[in-house]
Amino acid sequence: MSRIYVFTAHGGPETQQLIERPVPEPGPGELVIEVRAAGVNPVDWKIREGRLGIKTSFPVPMGREVAGVVVAVGSEVEAYAPGDAVLGLVAPGQGGFADHAVLRAKDAVVKPEDLSFAAAATIPVAGTTAYDLTHAIELKAGETMVVLGAGGGVGYLAAQIGRVHKFNVIGIASEAKRDLVESTGATFVASGSGAAEGVRALAPDGVDLIVDLVGRQPLRDIAPLAKPGRILSAPDPDTAAEFGGSGRPRDAEALAKITDVMGHGVVTSLISAEFPLDQAADAVAAVEKGHAAGKVVIVP
Ligand SMILES: NC(=O)c1ccc[n+]([C@@H]2O[C@H](COP(=O)([O-])OP(=O)(O)OC[C@H]3O[C@@H](n4cnc5c(N)ncnc54)[C@H](OP(=O)(O)O)[C@@H]3O)[C@@H](O)[C@H]2O)c1
């Protein structure tokens, strides 16, 4: 048997539970992996609450990004074999907070040897999002990129990517995350009512790109500082659009590209907490509070 964490109805954390099921079998084009680590993301509780309007039948498995070792491959899979270490998104309808997970081979890549399974498990959602948000609009070295939510799972990576490209990065986060944000090479600005003033003081001619990981009022506060069309928001495309911006763009090559970058240690995830699978509730709660530092990971 194999454990998997699910929710049984749309609602709060009380709908979550760890259940047992047989080890899954791969369908055509699929891999089954033994999960070594799974990244926790805000999308996990947003799906549970029914916020994303995804039609589903219960119980719904939780967890979208995983790293692990292949234990079985389906027909039409030629690139992988049992024993391979991989990372990727789970297949639609599948879950990653589990002893075993099902992935589509096309949504997986080989795990770089130098990357831990925990670090690898932060790439398929958080890493690719940071990649997409920082590459869709080409800035030049020295141009200014603001990361709103720079101490979280995506923002911490986006700030580092910006510095690799020699952008002038301004990271907005709570005071508790000052050191974390500054460790990326970004200039720290405290979140809250003074954030816009803090950014204006550093970029009086305006901001070349706002990478938003927070949305709503904190985004509204700083959005007027962006040059036209220069806002990309992962959580709140509607507010971004009010100011001429948009949501997350998607590059089909993002997973391979950011895995290569992180495999070489050029950009690294901060893993602030690891929880065993039987404490998955605590892992989800840590992210649901909305103030996690870096990434929370479940290690079955
Ligand atoms: N569209 C997509 O494909 C996509 C993909 C990935 C993520 N997302 C969304 O993007 C958002 C960020 O994801 P994540 O994984 O980085 O989440 P996360 O790890 O929870 O990070 C969010 C960060 O936002 C900060 N924050 C909260 N309120 C703030 C405020 N008022 N001002 C400034 N910072 C504030 C928190 O730090 P402090 O403690 O400093 O406040 C926290 O570190 C989530 O809403 C997620 O659902 C969307």
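Residues are numbered from 1 along each chain as its sequence is written, and side-chain values rest on heavy atoms, with hydrogens and water left out. Because the model is predicted, local features are reported only at a pLDDT of at least 70 and side-chain atom pairs only at pLDDT 80 or more, whereas totals for chains, interfaces and linings use all residues.

The ligand is surrounded by 24 residues, of which K46, G153, S174, K177 and H291 are the closest; a residue is taken to be near a molecule or strand if one of its heavy atoms lies within 4 Å of it. By class, this shell comprises 10 nonpolar, 10 polar and four charged residues, where Ala, Val, Leu, Ile, Met, Phe, Trp, Tyr, Cys and Pro count as nonpolar, Asp, Glu, Lys and Arg as charged, and the others, Gly among them, as polar. At least two residues of the shell are supplied by each of the helices α1 (42-48) and α4 (153-164); helices (H or I, at least four residues) and strands (E, at least two) are DSSP runs, numbered from the N terminus. Domain 1 (2-122 + 269-298) and domain 2 (127-242) each contribute at least three residues to the shell around the ligand, the domain bounds being those of an automatic or database domain assignment.

An oxygen atom of the ligand lies 2.4 Å from a polar side-chain atom of K177, and an oxygen atom of the ligand is found 3.2 Å from an N or O atom in the side chain of R250. The backbone also takes part, with a polar backbone atom of A234 at 3.0 Å from a nitrogen atom of the ligand. Taken alone, the ligand exposes 910 Å², and the protein buries 83% of that area; accessible areas come from the Shrake-Rupley method with a 1.4 Å probe, and for residues only the protein chains shown count as cover.

The largest nonpolar core contains 39 residues, and those with the most contacts inside it are L87, I123, M145, V147, V169, L209 and V211. Such a core is a set of buried Ala, Val, Leu, Ile, Met, Phe, Trp, Tyr and Cys residues joined through side-chain atoms within 4.5 Å, and buried means under 20% relative accessible area, exposed over 50%, and partly exposed in between (1.4 Å probe, protein chains only). Elements that each supply at least two residues of this core include the helices α3 (123-135) and α9 (254-263) and the strands β9 (144-148), β10 (168-173) and β12 (209-212). Because domain 1 and domain 2 both give residues to this core, it lies between them. In soluble globular proteins, nonpolar side chains tend to be buried together.

Individual residues were then considered by position and accessibility. In helix α10 (residues 280-288), A286 is partly exposed at 23%, and its C-alpha atom is separated by 9.9 Å from that of P42, a residue 244 positions away along the chain.

The loop between α1 and β4 (60-61) holds T56, which is partly exposed at 36% relative accessibility, and P59, which is joined to F58 by a cis peptide bond with an omega of about -5°. E76 is found in the loop between β5 (65-73) and β6 (85-89) and is exposed at 66% relative accessibility, while K166 is placed in the loop between α4 and β10 and is exposed at 58%.

Key: A polar contact is a pair of N or O atoms within 3.5 Å; within protein, one must be able to donate a hydrogen and the other to accept it, and residues adjacent in sequence count only if both atoms are side-chain atoms.
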